Amino acid sequence: MTPMAVLQHGPLSRAIQLRALTIACSSSSIGNTIAVGPPPLNKNKQDSRVLLGMSELDLQQLEKYRAKQLHHLLYKRKAKDIQDFTHLPLAFRNELQEAGWSVGRSPIYKEVTAADGTVKLLIKLEDNRLVETVGIPVEDDKGSHRLTACVSSQVGCPLRCSFCATGKGGFSRNLKGHEIVEQVLAIEEIFKRRVTNVVFMGMGEPMLNLKEVLEAHRCLNKDIQIGQRMITISTVGVPNTIRKLASHKLQSTLALSLHAPNQKLREKIVPSAKSYPLDAIMKDCKDYFLETSRRVSFEYTLLAGINDKVEHAIELAELLHKWGPGYHVNLIPFNPIEGSEYQRPYRKSIAAFSAALESRKVTVSVRQTRGLDASAACGQLRNEFQKSPLFGGAEEEQQSELEMAVAS
């Protein structure tokens, strides 16, 4: 029997025909659906069917009797191509490919390793866009080894924070769930060991791509088996989205990029802050804590002479105490980037700022600078290699979404 005959009469064909156009994801609370029918004959790459990101239940709907094997190949063996599914019959592999399916892994376009072992990858997506991800190996005082993957959620970013290299590179599009997941697998492949922690702190604003971020979160937790408490979702603040995230009652950490203790200064550093007043953000963070019982972490990038004075620390402590206990501040000394007017503060200023918070009973940590010699600032490596103009219209669409969120 020819492969096409098998496709027409085998289990895969029956699954496709019976399921018609779509199946519900196992994470139906997120509202995603996965198309399982063969793509149209004139399909483009954006219509391709991707296995990565599917749960075992999803795979059962695709092919009931091979779902467990497929799941194992995707998430344990981390196969990158359907023809790498050597445990499965060749005819079945051909059926999958003829029906338009692929694993959904992208090639690494550029790899840079810093002296401290941090690795930054530039991944080339199927539309030839480039996205960054970073692997950060850490050994603590007790000899415990941790590998953190810092993943991107968008190609570029529309929010244009004044100190961020990603915003300077412009915005192209949101990443799909599997394009987020594959970043973690790429880091594991480079380091040849499991990722223990994931932080959504790479390129882009996760809350502007919340649907795909949540689907990636589900896959990372359930399929790749990274604990929810080992995952952090960072945001600069998008109206109404913190409440949406809280409704999912995740046990992951919410990290809010604050960067200033008052609204006026924050608007200078973070242009999008004009649409989301500081009191509204703090109320949403308080409600998030009440809803999830998870402490909110505040990211605060220290910019020399701008927001790093002791009086700023005192004002920040007062702001946090006003909205309740249980907050943590993560101080981030600015990493210099090309074309920026900002400077990194002196160690003395960093220590004084930290001491002022601690004396006012605010839990604080100072982020260790890693990979500075590997274009460490988010977006730097992509900006170096992708100078061509981005697709038109995408940024306007994201700005429209932001305005709609404010209006609602």
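Among contacts in the chain between residues at least 6 apart in sequence, those joining residues at least 24 apart account for 67%. The model is predicted, and its secondary structure comes to 15 helices and 16 strands. Of the 408 residues in the chain, 54% are buried. The chain exposes about 18500 Å², of which carbon and sulfur atoms supply 52%.

**The ten-strand sheet**

- Ten strands form an open sheet with mixed pairing, in the order S5-S6-S7-S8-S11-S12-S13-S14-S15-S16.
- The edges are taken by strand S5 (108-113) and strand S16 (363-366); each has a single partner strand, so one side of each is left without a neighbour in the sheet.
- On average, and with direction ignored, neighbouring strands of this sheet are turned by 20° against each other.
- Strands of a sheet pair through backbone hydrogen bonds, in either a parallel or an antiparallel arrangement.
- Strand S11 (residues 197-200) and S12 run parallel and are joined by three bridges. Val199 stands opposite Thr232 in S12.

- Strand S7 spans residues 130-139. Seven of the ten residues of S7 are buried, so the strand is largely enclosed by the rest of the structure.
- On one side, strand S6 (residues 119-124) runs antiparallel to S7 and is joined to it by six bridges. Leu121 has Thr133 in S7 as its bridge partner.
- The hairpin of S6 and S7 has five residues between the strands, and Asn128 takes a positive phi near 70° there.
- Strand S8 (residues 145-150) is also antiparallel to S7, again with six bridges. Pro137 has Leu147 in S8 as its bridge partner.
- The hairpin of S7 and S8 likewise has five residues between the strands; in its turn, Gly143 has a positive phi of about 85°.

**Thr133 and its surroundings**

- Thr133 is found in strand S7. Its relative accessibility is 1%, and it therefore counts as buried, the limit being under 20%.
- Beyond its neighbours within four places in sequence, Thr133 is in contact with Val119, Lys120, Leu121, Ile123, Cys150, Val151, Gln183 and Ile187.
- Thr133 and Val184 are 51 residues apart in sequence, while their C-alpha atoms are 8.2 Å apart in space.

**Strand S14, helix H11 and Ser297**

- Helix H11 (residues 278-292) lies across strand S13 (253-257) and strand S14 (296-302), and runs at about 145° to S14.
- Ser297 is found in strand S14. With a relative accessible area of 11%, Ser297 is buried.
- Leaving out residues up to four places away in sequence, Ser297 touches Thr253, Leu254, Ala255, Leu256, His328 and Asn330.
- With one of these, His328, the side chain of Ser297 makes a side-chain polar contact at 3.4 Å.

**Cysteines**

- The structure holds zero disulfides.
- Cys150 counts as buried at 13% relative accessibility.

**Pro239 in a loop**

- Pro239 is found in the loop between strand S12 (231-235) and helix H9 (241-247).
- At 7% relative accessibility, Pro239 counts as buried.
- Between Pro239 and Ala273 the separation is 34 residues in sequence and 9.8 Å in space, C-alpha to C-alpha.

How values were computed
Residues numbered from 1 in each chain as written. Predicted model: local features only at pLDDT ≥ 70, side-chain atom pairs only at ≥ 80, totals over all residues. Heavy atoms only, no water. Helix = DSSP H or I, 4+ residues; strand = E, 2+ residues; numbered from the N terminus. Buried < 20%, exposed > 50% of the residue type's maximum accessible area, 1.4 Å probe, protein only. Contact = heavy atoms within 4.5 Å. Areas by Shrake-Rupley, 256 points an atom, 1.4 Å probe, with all protein chains shown as cover. Pairing = 2+ DSSP bridges. Axes fitted to C-alpha atoms, helices over the stretch in contact; angles between N-to-C directions. Disulfide = S-S within 2.5 Å. Polar contact = N/O pair within 3.5 Å; in protein donor to acceptor, adjacent residues only side chain to side chain.
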